[in-house]
Amino acid sequence: MRTGKHHGSPLRVSVRRSLLGAFFLGLGGPMAVGWAAPAQVQPWVYDSMLQLAAEGYMELPLRPLNAYSRQELSDMVAKALNEVEKNRTGRLSDEYARITRLLVVDEVELKLSREQEAVATSRCQRARAKAARAAEMYIRRSMQGQNRLEVMEPLKAKHDKAQAELEYAARDYAEAKTRCVQRAELLAYAQKRQQSLLEAMNGSNGNNGGKPQAAAMPASVLKNAGRLRAEFLSELEKNGSLDKMSARQQLASNLPVREVPDQAFKLDTELRVDSGRSSGTQTRTRARVRLYPDYEFAPNWHAKGMIEWQKTLSGRKFSKDGKVNFDRYYLSGKMGLVQTDIGAFGSLMAEGNVYDSKFKGVRLTAGKPVRYSVEAGKAGDDGMKRTYDLTVDYKAAAYGVGAGYYHFAYENGQRDDIYMGNYRHNVGIFDASAMLLHGREQGKSGRTGYVLTLAYAPQNSWQPYAYSSWLKYYHQPRATYINHTMNGMGGGFNGFRGWGWGCSYNLPHDWSLGLELYHLRSLDNGRTGNTIWGSVTKYFKNYRE
């Protein structure tokens, strides 16, 4: 620590010594030795900064203050002055409100830090046991003279991996433990400050005699803030901190401002060109444009739709080739706690493994964390008379379970019932799921199928240069699906099994590339169908998120 004559009151000297002493002890004593204060910074600067830190207006950095340059110190001072200006209310009641809000945050952070500590403790114990077993096996084989490469190299690799995992787990435990101690100290200080403010407002006997409340911000805070602002005036002017403080004072006015409503009409546009080829067919290339209008006509109620135009560029044409179709039109909003969709909307049943197309009717969704969904109306399949389904889902951070029942009744009297059960679990960076499907066609015995999925979808999958992918294995008799979502040949088979793989890659300016491969075999006649399908998509929207 830099030595020399200290300027300022004995209180500031005491606070500085106690805080810096505790800080140096936290760093391990000897680590603090050898730091040299910059020559252009006076010792009182550190005293004032530590006083502001003690009052909660700045956070102490990891290293001692005298280890930082003048420019770095000026950045810290700028942040502290911003906090002082932001919280300079002039009344004890305002300061009490601020410290009460801070107290709630501290209590939650301490609770979560203790949860993290418990998790880190458990992980560290497991890693320690695993490392001990790996080390014992490796050393035991070595002492037994088993030095053959094919025996020792795998043991050595396992030993090194276990030791590295133990090191990471121990580091996480130490950091979690330190966070708990720090959060507990911050909470204790906030509680003490809250109590002192309450006593100051009420007086020693619970009544202040009707006198005005004293200034909430101690005079020492304003004094230290003023000294530091004058000392670092040139640095604060260069980085614009003084202008920001002036703007904050102007924005603190009580004059009303006009409310600007959210954009009522929003339009998303998707332009896609895709090309695919399957076994026994020619390559088909098409262009497709989809418009998704969304108009908010009342609070929490929207009129939504989808307008589609597609044109075949080569290969077999669609029945609606070159025509504009208003394919989706529905109202969507909240009825109490129930999300409601009424009209013609898209329905994705069992992740598209049962049905993925237009649905006319009503859909009600509610519940958390268990989510219930009911659809009633008519699916868009040919000859459909009546459709309804019920699904229940529960999603946690590491796993999810779901179940569903789907009923399809046709105009010719045929009836199909499909039951679904699904389990999803997080496996590292992947999501693995197993879906069981049981379908029963009227007058026939039931058939059971399944879909296994391994997917990679990062949280920032919408950002440029983000990559996502999935791998599926299907075994689905014809009774387990109505209109499948895939681009492969499964919908044309009377039941199928096989593999599917797909990926997408985002480019800047809302461009996206997609690729899908399928290798399927008919359960009816054994015919094989291979498919390759790719797409280029451009997205537009008339609003900013």
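1. Strands are taken here as DSSP runs of E that hold at least two residues, numbered from the N terminus, and two strands pair if DSSP finds at least two bridges between them. The model is a predicted one, and the points below should be read with that in mind.

2. Strand 10, residues 415-427, runs antiparallel to strand 11, residues 430-441, and twelve bridges join the two. Two residues lie between these strands in their hairpin, where G428 takes a positive phi near 65°.

3. Strand 11 also pairs in the antiparallel sense with strand 12, residues 447-456, this time over nine bridges. The hairpin of strand 11 and strand 12 has five residues between the strands, and in it G443 has a positive phi near 85°.

4. The largest nonpolar core holds 26 residues, among which V354, Y406 and F408 touch the most other members. Two or more residues come from each of strand 5 (338-349), strand 6 (355-366), strand 9 (399-410), strand 10, strand 11 and strand 15 (511-522), and strand 9 gives the most, with three residues.

5. Leaving aside residues up to four places away in sequence, Y406 touches M349, A350, V354, Y388, D389, T391, D416, D417, I418 and M420.

Key
Residues are numbered from 1 along each chain as its sequence is written. This is a predicted model: local features need pLDDT of at least 70, side-chain atom pairs count only at pLDDT 80 or more; totals for chains, interfaces and linings use all residues. Side-chain values use heavy atoms; hydrogens and water are left out. Helices (H or I, at least four residues) and strands (E, at least two) are DSSP runs, numbered from the N terminus. A nonpolar core is a set of buried Ala, Val, Leu, Ile, Met, Phe, Trp, Tyr and Cys residues joined through side-chain atoms within 4.5 Å. Buried means under 20% relative accessible area, exposed over 50%, partly exposed in between (1.4 Å probe, protein chains only). Contact means heavy atoms within 4.5 Å.
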